[in-house]
Amino acid sequence: ADKGYEKCKKFLGDMYYFGRGTSVDKEKAAKLYEESYNEDGMIQLGHMLMNGDGIPENLEKSVEIFKKYAEWGNARCCAYCSIALTKMLANNPDKSEILKYLEMGADGGDAECMYGCGMYNYCGIATPVNYTKAFEYFKNAEELGDIASTVAVGNMLWSGTGTTQNRNEAFKYIKKAMDAGDKDASTLYENCLKQIEQEKQNEQQEIERQQREKQERERQERER
């Protein structure tokens, strides 16, 4: 590490960060990560700066690090950059820069970025509401194993939002997310069952109303 080898400094930084063979010293770890110029080390430094993990929080520097590697083609850094930017721009209504990196990461195949793009299109954040596009993003992320997207796909199939309504398919996705332990999926499943029950009750009430009207018409005809 003293000779400046990148990987050695990254490795030594990990030892200080995790306390392997020595006591935990995150300040030393951060210094070694920064000196290493190693991509993994710099990304770890970005996380430490973003979260104030053992060193003072510095969102601007964290964003700078993540942007560098995102623009070099690291799709995961696009996701990290979007998280850091979200914290940094919490009070700024313009979220277009966040969406830029989410889209960059989605194009690079990152499921978390795809989910983020789906949410931005679904809610109309930094872009007009586009349910069809949102569904496509969620579906692509779901195919990569993103459980939050599995719930979103199920929800949109259930309501027919951005796609053709298909309740049988919706239940498949919702149950898949439930099997993975997702609490939102369990809540959605319960709500769907309640909706079905309410629809049955409404249907029965409509049938009874029509029967009453028919009986009333027949009574009136007999009295003429």
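**Close-up 1. Glu34 and its partner Lys61.** Glu34 is partly exposed at a relative accessible area of 34% (buried is under 20%, exposed over 50%, partly exposed in between, with a 1.4 Å probe and protein chains only). Its side chain meets that of Lys61 in a salt bridge, 2.7 Å from N to O (a side-chain nitrogen of Lys or Arg within 4 Å of a carboxyl oxygen of Asp or Glu). Glu34 sits in helix α2 (residues 26-36) and Lys61 in helix α4 (residues 59-71), so the pair ties together parts that are 27 residues apart in sequence. Helices here are DSSP runs of H or I, at least four residues, numbered from the N terminus. Lys61 is partly exposed too, at 29%.

A word on the model: this one is predicted, with local features needing pLDDT of at least 70 and side-chain atom pairs counting only at pLDDT 80 or more, while totals for chains, interfaces and linings use all residues. Residues are numbered from 1 along each chain as its sequence is written, and side-chain values use heavy atoms, leaving out hydrogens and water.

**Close-up 2. Glu206 with Arg209.** The closest N and O atoms of this salt bridge are 2.5 Å apart. Both residues belong to helix α11 (residues 183-223), three residues apart, or about one turn of the helix. Glu206 is partly exposed at 33%, and Arg209 is partly exposed at 32%.

**Close-up 3. Arg219 with Glu223.** Here the closest N and O atoms of the salt bridge lie 2.6 Å apart. The two residues are four apart in helix α11, about one turn. Arg219 is partly exposed at 30%, whereas Glu223 is exposed at 57%.

**Close-up 4. Lys9, Lys31 and Glu35.** Salt bridges with shared partners join these three into one network. The count of salt bridges comes to 17.
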